[in-house]
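Have a look at the sequence and the model, then work through them step by step.

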Amino acid sequence: MNYFITGASGFIGLNLLQRLTKRPGTFYLLVRNDDSQIKILNAAKQLGFPTDHLVFVQGDLTQPKLGIATQWIDQLSNSVTHFFHLAAVYSFEADSDTIDNVNIDGTRHALQLAEKLGAGCFHHVSSIAVAGQYRGWFHEDMFEQAHPEGHSYLTSKLASEALVREQSALPWKIYRPGVVIGDSKTGAAMRIDGPYYFFKLIQKMRDSLPQWMPMLGLEGGRLNLVPVDFVTDAMDHISHQPDLNGQCFHLTDPEPFRAGEIVNIFARAGHAPRMAMRIDLRLLELLPETLRKELGNQPLLKRLGQSLCQEFGIPPAVAAFFTTPTLFDCRNTQRALEGTNISCPRLDDYAPAIWDYWERNLDPDLHLARSLNARLKGKTVMITGASSGIGKAVALKLAKAGGQMLLVARNAERLQETVREVEELGGNAAAYYCDIADLEAVDVMMQLVGQQFGKVDVLINNAGHSIRRPVINSLNRFHDYERLMQINYFGALRLINGCLPGMIASNGGHIINISSISVLTNPPRFAAYAASKSALESFTRCAAPELIDYNIHMTTIHMPLVDTPMLEPVETYRSVSTLSPEEAAEMVAKAVIDRPKRVATRLGMFGALVHGLFPKLGELIMNTYFHMYPDKLDQKYRPDLPEAEAAHENQQQIQREIQALSSFIRDIHL
């Protein structure tokens, strides 16, 4: 038998080729260029199928008879048993002309060639997308009832299938796969689409919240996901049954999960919190249709929806299928597969393999385009507080990224040491000696920066100061509040104002403010410090919506306790779990790459949730925390002992309580 295959270099095509090559015959593969040929040969090594019977035929889907040379037509005439047409544009993000040229014209040209060759059977890979938003059960023998609307991809799949049904002079079979995802055994996949678009959202939830936290979410329609190994196993078997010609086969899951269930299945696979309660979006159908359409056309709601889709990388057309009302009957396919061991596995059984492969191989954060070098090469990066601690660690972390580092600090000697270490790593650094609390000095520095480098592309507001003191002990120390506001808020704000004109003029920039976990958890003794950091965060939240039109991103990092000189005066913190400056720098580097609105630890987010939902409970917890970390030792534990012995006993008890608390929160600290 001879096979002619279009789209053999695609995801389904490669997996189908792996199965077909177990049969005797020669396989003629349409390729557009050498890249497609190399891709197939590399996949053959990975998937383990032979290449000695593969013959590559140069051609083009957009050309009549696929643009192949006349000698190929003469050579293959009346010798092709099976003609598989898989080539198509599957993307919702491609433009309509490209989709029509490939999907519709490509099918027409494939039919022309197959008929010219006198092929035994034309196998057309369509999609369940032809059903559009059909309400109810869509059977395998249904076609005229399909009315896909809203996107050229959907209409192109219907039009190409119509060509096969209405114009083919050859016997044909049509296959309508569901949403094809990775292999059920290995998780291997080639592209990000379908449910993969929601993986980044699940990952962000996992990184922000503990796994056990119940979430509120949405419920949608039943999404038909199928692994590629099931799809290609079924196609391989059905295609070689001649008595099944002229039929359509739904390669679908007979018992699909609903959208909210699918999100929970992958959340479980990714160790993320799951939705304990899901609001069914079908409740919107209770509204009159005219009202639903009017709400959907509201500029504010449309812009909000587009912004959310853009934030999480979800094409709007894909998000619309979250509420699909269509169910797909596949009894014709099940009858064709009777007597074989081919069946669609349950999603919850193989979801861990799908998630694991995505996170290791397909996660966009792994790609070069999202690296530090891509973000910072040729950019000017200002880091304040760069002479020690977090600031110095960040400077060293970003040193090799190809940006021009502007390092700011008060201590000239230590700052020069940071500059030297950055340059030893191959980076470019300039030192600026400035006390951020001196607003006039900040203005002078920004003028100098403008003269020397033009503008700042990335500002990392790290310099700051902390005071740990109960409010009752600060009644006569109002200067403590003024000092913290001066450096933590006014100084940082002065730098932002100095950088914004250049960022606006260049239509781009990124401002990263190093805040504190105390803003989320409201710990006692840090009222002055948390207030100054909260002021900067409030400014950031209000300014960000205004600046997004200029492509300026603003990120707040709620940094947990970091082992820096700032902690040294507090003896009780020596028993508490802290981050190293290098670990803190990793958080900043990730913020540079991802440009999120917020970076926070799970403990910080949990604290914010408790204070937000149960403020009295949060207050009681912090009161207990307040008494576990006394400023001075007293005799409350053993008043019967002499003062020195009581102090020692108290110290031991306090250390035991602190260690117990640290042990309890260690797993959710990060």
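Strands here are DSSP runs of E, at least two residues long, numbered from the N terminus. Keep in mind that this is a predicted model.

**Exercise 1.** Work out where serine 515 sits and whether serine 515 is buried or exposed.

*Solution.* Start with the element: serine 515 belongs to strand β18, which covers residues 509-516. Next, take the relative accessible area, which is 7% for serine 515. Buried means under 20%, so serine 515 counts as buried. Finally, look at what surrounds serine 515: once neighbours within four places in sequence are set aside, its contacts are Lys533, Glu537, Thr556, Ile557, His558 and Met559.

**Exercise 2.** Find the residues and strands behind the nonpolar surface patch of about 500 Å².

*Solution.* First, list the members: Leu216, Leu218, Met277, Ile279 and Leu283 make the patch. Then turn to the strands: β9 (215-219) and β12 (275-280) each bring at least two residues to it. Now zoom in on leucine 218, which lies in β9. Its relative accessible area is 40%.

**Exercise 3.** Zoom out and describe the whole protein chain.

*Solution.* Begin with the elements: the chain has 24 helices and 20 strands. Then check burial: 51% of the 670 residues count as buried. Now the contacts: of those between residues at least 6 apart in sequence, 77% link residues at least 24 apart.

How values were computed: Residues are numbered from 1 along each chain as its sequence is written. This is a predicted model: local features need pLDDT of at least 70, side-chain atom pairs count only at pLDDT 80 or more; totals for chains, interfaces and linings use all residues. Side-chain values use heavy atoms; hydrogens and water are left out. Helices (H or I, at least four residues) and strands (E, at least two) are DSSP runs, numbered from the N terminus. Buried means under 20% relative accessible area, exposed over 50%, partly exposed in between (1.4 Å probe, protein chains only). Contact means heavy atoms within 4.5 Å. Patches are made of residues with over 30% relative accessible area and no salt bridge: like charges are joined within 9 Å, nonpolar side chains (Val, Leu, Ile, Met, Phe, Trp, Tyr) within 5 Å. Accessible areas come from the Shrake-Rupley method with a 1.4 Å probe; for residues, only the protein chains shown count as cover. A salt bridge is a side-chain nitrogen of Lys or Arg within 4 Å of a carboxyl oxygen of Asp or Glu.
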